[in-house]
Amino acid sequence: CGFIFLWCVARCLSDLLLICHWVCVSVSHSTDFEVHRNWLAITHSLPVSRWYHENTSEWTLDYPPLFAWFELGLSHAARHFDPDMLLVENLNYASPSTVLFQRLSVIFTDLLFIYAARECCRCVQDQKGSRDVLNRPSFVLAVLLLWNFGLLIVDHIHFQYNGFLFGFLLLSVAKHLQRQHLQGALLFSVLLNLKHIYLYVAPAYGVYLLRSYCFTQDNKDGSVSWSSFSPLRLLALGGIVASVCALSFGPFIAMGQLPQVLSRLFPFKRGLCHAYWAPNIWALYNTLDKILATLGVRLKLLQEAGLPRASMTGGLVQEFQHSVLPSVTPSITLVCTLLSILPAVASIWFRPRGARGFLRCLLLCALGSFVFGWHVHEKAILIAILPLSILAVENREDAGIFLVLTTTGHYSLFPLLFTPAELPIKVSLMLLFTIYSFTALRKLYSGRGSLLRPLESVYLLGLVGVAFACEVAFPLSPWQQKLPFLPLLATSVYCSLGVCYSFLRLYASLLRPPGKPKQP
Amino acid sequence: MQTWSLVSMCVLLGIVVRWGVSLNSYSGAGKPPMFGDYEAQRHWQEVTYNLPLQEWYSNTTENDLNYWGLDYPPLTAYHSLVCAYVAKTINPEWVDLHKSRGYESPAHKLFMRATVLVADLLIYIPAVVLYCLYLTDGSTKKKVCTVFCFLLYPGLILIDYGHFQYNGVSLGFALWGVLALGLGWDALGSLAFCLALNYKQMELYHALPFFCYLLGKSVKLGLMGRGLFLLVRIASTVLVTFALCWLPFLSDPGDAMQVVRRIFPVARGLFEDKVANAWCSLNILIKIRSILSSDSQIYISFACTLLAVLPSCVRLLMKPTFWQFKLALVRGIQLIILPLFLKDGLLVPYAVTSLAFLFFSIYLLSALEHCSEEELRLGAFHKLLFCLPKLDLFYISVSAMAGLSVVTVALVPPTHLPDLFPVLVSSTAFLHFLGTFIYFNIVQFSEPPSRKSQKKND
């Protein structure tokens, strides 16, 4: 009764969301649009054996095979809209029906995300009481997920299928929260075969399932009870994962193309940072390197000729050396990432805290890989933000961390939309989401003081200043021509502070020894 | 949740929808030689910036009135002048005399759309927010929902941000007027309404209720005492406002007459662009154009318009409560101009915003038990149309509109009736108008409103 009403309201809100996307149909589309059109063409027009060898376009297929099968399915629907988009030679083809089809496909696949959000809301316990609908944790979660600014921008204005993919992730998390581990495992293996970036969080899944599912019981003191190991469960899990991978990679293994597929999936030729630096530790590292180099040249400690030319601020995606500090290679980032997630993973092995502990570990794996990873895209922050929403509506401390991480992470997505025409939309949507998240969470945890520490409030207010400087002041200033990369640099550096800080706080909350009073 | 946060979220959402619509095509895009309303507004900026004030409304060598001559009252001209100054600082080519005709560029489109948004933010949106928060009954949630529905109203968004006009300004001023009257500040209310009138002469539709309400209120207060004082105050406010707006034109009576002639072009006739009104619909049955001369058409239309609003105005005169005033205002004619939108390539935004608006009106207002009150009144309505079975009129009208929209887009009209669809749309629109007109007449003359609103009015 009440729940149905809750869903009516959330549903009509999400309908409006989808409708708003239609209104934005004419907003200029990005390269991702051409990428997906190209993949539609490749999967439709070429035989399977050519999919991972095809390189007429620069946007080669670099997602796992299951996504290619998905594109094949879409291409059959695309045929009815405009068959010309399915010709591989039609580079940058963007007729109105093509645009319409692509946008519609994103909106359609978003339905999975809406379903997943609903499942997550069912896992959140509502306190029985006289709280009206708008203040229930499940409703707040629904809005935080469905109206997530980052997802809106990335999917519908920028164009990707992240809603679809996050639907799988959130659904799998929801299944684990509901103790249906086999379904959760199945969904995650499907997800991995759709986009391999989710390998970041695979350790969390692996360790959690091994520890809490394969070992059916714990000893009294919480340690592993080796005798309760259930080979049957392990086999079931293994079978699920193996069969999904077989379905996806099978044809390519049979054709002996596995090395080619893997080389497409993991292109390490790309640089440490994307063209626009994701707000992680390497952005700080690069900036430090630049500052030291500039200082060194000024103080005559270094020869300017000896420094590598055209640094990473050129905005190009290539490999470069650092000038002063040691250069960073992919293996270094891998080691750093593994080291950063090791404590989290170890914690859920030695001290399992149920499904919510798993969720926390998943978040830390996602954030750790974001902070230390190689060639991270700033969109990857969403892998951390969306699951954190679930914890934020249940736990006060997590709500505080959520506010910092979300606001920072969402602001770091601003450079994705850089035309003046998109400025009012991105500012309004960002304000909309921020106002809602602050007021809703504050209302949820009212009466126990502020959610944010003073330093955090100051930091977030500083974000407003950075935004004003980058969007308004800088384009009108004389430095626009000489240093075009400066606003991006400023955004990256400022946001990486917030992201790293949230990472540390989440770690603290996971590793805190039990017995310390945690607020409900 | 706190009211301010809910309201600011509604406003932000309204901005997003408006800007989203404005990214689409505008009236007359890429269609020389005349283009459309967008070019008209740009041309007015050019004219007001470059020519002296006395020449704005006259046909001179520099100012060809056949090419989008100014035909709105002076306040629109002043607004265009302000925009022109801004345009000049950004890019002088936009307002070059003669050379900028038909100027189209992405940057210019952004500028023009921005002027509409700024005008809305300054005038219309604050009026809506304040009106819904202070002058509507009900819980906070209901007020916020009203703000939401108001801001999402597709007609205004599509015309202002799609087709391109500045209706938000005149409607905003009129709403400020209503707001002031509701709070009992009659002089300020008349000032605001005069500004609205001086921005667009279409506000004359709302002038009669304003006039009758204020007159009735003065009479009620006693023509020998406070009533007379009020009347004098209002009259002087109106006169001063008009004088200030028309000041530059008053030095030469010829100028002023020229402006009036431009604003009320009675030579144009009744059928301008197949607008949704009675005449267009009636013309299907009786070929009015062929029977009556142009002058008689004008007199008869004037007489009929007056007759139509007479009952409500008389009622308002006799019983000048704010509630009655609001009802009389609803007589404002709504123009559903689908063919116009199609001409401008605005079909998708039209469908989308109408759908959004419908969704919200249905979901939110029904969920807040607004419907039960409505149903009471609808009962009387149904009794009147006892011939019709108990069908849900709302859904009939919605499906009719939807069907017409689809048909207008999908099918090609038969060759001997090329204007079939626009005319059908106008007729349907008129029927809707007639229906709501009768409905509100019934409401106005039936049971008095609840005690709560009566207390507020006195």
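**Reading helices, contacts and burial**

Me: Which helix of chain B does Ala84(B) lie in?

Reply: Ala84(B) lies in helix H3 (residues 74–90) of chain B. Helices here are DSSP runs of H or I with at least four residues, strands are E runs of at least two, and both are numbered from the N terminus. This is a predicted model, where local features need pLDDT of at least 70 and side-chain atom pairs count only at pLDDT 80 or more, while totals for chains, interfaces and linings use all residues. Residues are numbered from 1 along each chain as its sequence is written, chains are lettered from A and ligands numbered from 1 in the order in which they are written, and side-chain values use heavy atoms, leaving out hydrogens and water.

Me: Is Ala84(B) buried or exposed?

Reply: Buried means under 20% relative accessible area, exposed means over 50%, and partly exposed is in between (1.4 Å probe, protein chains only). Ala84(B) has a relative accessible area of 0%, so it is buried. Chain B as a whole has 458 residues, and 47% of them are buried.

Me: What does Ala84(B) touch, leaving out residues up to four places away in sequence?

Reply: A contact means heavy atoms within 4.5 Å. On that basis Ala84(B) touches Gln45(B), Tyr49(B) and Val95(B).

Me: How many helices and strands does chain B have?

Reply: Chain B comes to 21 helices and zero strands.

Me: And the loops? Where is Trp68(B)?

Reply: Trp68(B) sits in the loop between helix H2 (37–50) and H3 of chain B. Its phi is near 50°, a positive value in a residue other than glycine. With a relative accessible area of 23%, Trp68(B) is partly exposed. Now look at His98(B), in the loop between H3 and H4 of chain B. His98(B) isn't a glycine either, but has a positive phi of about 70°. It counts as partly exposed at 37% relative accessibility.

Me: At what angle do helix H4 and helix H5 of chain B pack?

Reply: Axes are lines fitted to C-alpha atoms, for helices over the stretch in contact, and angles between N-to-C directions run from 0 to 180 degrees. Helix H4 (residues 106–135) and helix H5 (residues 140–151) of chain B pack at about 150°, with axes 9 Å apart. That makes H4(B) roughly antiparallel to H5(B) (under 35 degrees is roughly parallel, over 145 roughly antiparallel, 65 to 115 roughly perpendicular, the rest oblique). Residues in the contact include Tyr124(B) and Ile125(B) of H4(B), and Phe150(B) and Leu151(B) of H5(B). The contact residues divide into ten nonpolar, one polar and one charged (Ala, Val, Leu, Ile, Met, Phe, Trp, Tyr, Cys and Pro count as nonpolar, Asp, Glu, Lys and Arg as charged, and the others, Gly among them, as polar).

Me: What about H9(A) and H14(A): how are they oriented to each other?

Reply: The axes of helix H9 (residues 202–214) and helix H14 (residues 354–372) of chain A come within 8 Å and cross at roughly 155°. H9(A) and H14(A) are therefore roughly antiparallel. In this contact, Ala204(A), Tyr205(A) and Tyr208(A) of H9(A) meet residues of H14(A), among them Gly354(A) and Phe358(A). Here the residues divide into eight nonpolar, one polar and no charged.
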